[in-house]
Amino acid sequence: MIRENRIKNGLTQEELAEKLDISWRHMQRLEYNEENTTVKTLKKIIKVLNISDEEILAYLKKQ
């Protein structure tokens with residue numbers, strides 16, 4: 001979900017990581033579900049990428 005929204009917003013992993021104040025490597029791991037993150041960072045991701053509540057719920061239902 002992060003990757004698709006990042007691309008839709010025209011951002012590279014590096015650009016998104018910079019906006020979130022996290023390392024590029026951490027961003028990469030988040031995109032590939034290799035690492036968990038804090039609620040604080042998750043809120044930033046949702047805000048920066050303009051992810052809707054509906055999209056989040058749909059993603060969680062798939063999991």
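Predicted model: local features only at pLDDT ≥ 70, side-chain atom pairs only at ≥ 80, totals over all residues.
Residues are numbered from 1 along each chain as its sequence is written, and side-chain values use heavy atoms, with hydrogens and water left out.

## Overall build

The protein has 5 helices and 0 strands. Read from the N terminus, its elements run α-α-α-α-α. Helices (H or I, at least four residues) and strands (E, at least two) are DSSP runs, numbered from the N terminus.

The C-alpha atoms fill a box of roughly 30 × 25 × 20 Å, taken along the principal axes. For 63 residues, a compact globule would have a radius of gyration near 11 Å. The protein has 11 Å, which agrees. The radius is taken over C-alpha atoms, and the globule rule is 2.2 Å times the number of residues to the power 0.38.

Buried residues make up 30% of the 63 residues. Buried means under 20% relative accessible area, exposed means over 50%, and partly exposed lies in between (1.4 Å probe, protein chains only). Now take the contacts with a separation of 6 or more: residues 24 or more positions apart account for 50% of them. Contact means heavy atoms within 4.5 Å.

## Helix 2 against helix 3

Two packed helices are described by the angle between their axes and the distance between the axes. Helix 2 spans residues 13-20, and helix 3 spans residues 24-31. Their axes come within 8 Å and cross at roughly 110°. That makes helix 2 roughly perpendicular to helix 3. Axes are lines fitted to C-alpha atoms, for helices over the stretch in contact, and angles run from 0 to 180 degrees between N-to-C directions. Angles under 35 degrees count as roughly parallel, over 145 as roughly antiparallel, 65 to 115 as roughly perpendicular and the rest as oblique.

Which residues make the contact? Helix 2 brings Gln 13, Glu 14, Leu 16, Ala 17 and Leu 20. Helix 3 brings Trp 24, Met 27, Gln 28 and Glu 31. By class, the contact has 5 nonpolar, 2 polar and 2 charged residues. Ala, Val, Leu, Ile, Met, Phe, Trp, Tyr, Cys and Pro count as nonpolar; Asp, Glu, Lys and Arg as charged; the others, Gly among them, as polar.

Helix 3 has buried residues: His 26, Met 27, Gln 28, Leu 30 and Glu 31. These pack against helix 1, helix 2 and helix 4 (39-49).

Arg 6 lies in helix 1 (residues 2-8). Is Arg 6 buried or exposed? At 9% relative accessibility, Arg 6 counts as buried. Beyond its neighbours within four places in sequence, Arg 6 is in contact with Leu 11, Thr 12, Gln 13, Leu 16, Glu 31 and Leu 49.

Arg 3 is placed in helix 1 too. Its relative accessibility is 39%, so Arg 3 counts as partly exposed. Not counting residues up to four places away, Arg 3 touches Glu 31 and Tyr 32.

Lys 8 also belongs to helix 1. With a relative accessible area of 61%, Lys 8 is exposed.

Ile 56 sits in helix 5 (residues 53-62). Ile 56 is buried, with a relative accessible area of 19%. Leaving aside neighbours within four places, Ile 56 is in contact with Met 1, Ile 46 and Ile 51.

| Pair | Residues apart in sequence | C-alpha to C-alpha |
|---|---|---|
| Ile 56 and Met 1 | 55 residues | 8.4 Å |
| Arg 3 and Leu 30 | 27 residues | 9.0 Å |
| Lys 8 and Asn 50 | 42 residues | 10 Å |

## Positive phi in two loops

Most residues other than glycine have a negative phi, and most peptide bonds are trans. Asp 21 is not a glycine, yet has a positive phi of about 60°. Asp 21 lies in the loop between helix 2 and helix 3. Asp 21 is exposed, with a relative accessible area of 66%.

Asn 33 follows helix 3. Its phi is positive, near 50°, in a residue other than glycine. Asn 33 lies in the loop between helix 3 and helix 4. At 58% relative accessible area, Asn 33 is exposed.
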